[in-house]
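Please open the model in your viewer and keep the selection tool at hand.

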Amino acid sequence: RRALLRGGHVLVVGGGWIGLETAAAARKIGCRVTIVEAADRLCARVLPDSIARYLADLHGRHGIEIRLTASAEGAEADTVVVGIGIQPNSELAEAAGLATSDGIVVDEFGVTSDPDIYAVGDVANLRGLRLESWANAQNQAIAAAKSLLGRPTPYREVPWFWSDQHGVNIQVL
């Protein structure tokens, strides 16, 4: 925050949700902003091309330069923000012999391949999908806690999240 408030040129490495929200916030306070994304579109892992183009146009209209299929190597800026996603920390689960695949594999109750161990949140892979959002972590945990207390409650919410960028509220289901 302190670095962004100094102004100047902000280089955002990563064109996913964290990068886009950071870019929008930096631009709002008057920074010159460049987004560098390795993929050929914004939010390539989670959005179709039409929505990715909409986001690129939205940010472009607000004066943000976007460089796709690009690297940050050699780029110059006053502040660099790296928002490139996470890798789930599942080493302990792997060492314990639990099934893992881009996270810890769970069923709809949060149960891992060991029926006495549960996992929820960013590290939990349910039906081949791992969601990195606070709402998913919260709601998955509520369902798992109920199940742990003897009231089996499947987590069956439609995956969703929201983002605010340049005064536009984006909701994805």
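Throughout this tour, buried means under 20% relative accessible area, exposed means over 50%, and partly exposed lies in between, computed with a 1.4 Å probe on protein chains only. This is a predicted model, in which local features need pLDDT of at least 70 and side-chain atom pairs count only at pLDDT 80 or more, whereas totals for chains, interfaces and linings use all residues. Residues are numbered from 1 along each chain as its sequence is written, and side-chain values use heavy atoms, with hydrogens and water left out.

**First selection: Arg45**

Select Arg45, which sits in the loop between β2 (32-36) and α3 (49-61). Helices (H or I, at least four residues) and strands (E, at least two) are DSSP runs, numbered from the N terminus. Arg45 is exposed, because its relative accessibility is 62%.

A salt bridge here is a side-chain nitrogen of Lys or Arg within 4 Å of a carboxyl oxygen of Asp or Glu. Glu132 is partly exposed, at 32% relative accessible area.

Next select Arg130, which also meets Glu132 in a salt bridge (3.1 Å, N to O). Arg130 is buried, with a relative accessible area of 7%. Shared partners join Arg45, Asp102, Arg130 and Glu132 into one network of salt bridges.

Move to Arg67 and Glu65, whose side chains form a salt bridge at 2.9 Å, N to O. Arg67 is partly exposed at 37% relative accessibility, and Glu65 is partly exposed at 36%. The count of salt bridges comes to six.

What is the volume of the largest pocket? The value is about 1100 Å³, the space filled by probe spheres set on grid points joined across faces, edges and corners. A pocket is an open set of points on a 1 Å grid over the protein atoms alone, where a 1.4 Å probe fits, with protein on both sides within 12 Å along at least five of seven lines; lining residues have an atom within 4 Å of a point. Of the 39 lining residues, select Gly16, Trp17, Arg45, Val46 and Glu132, the closest to the centre of the largest pocket.
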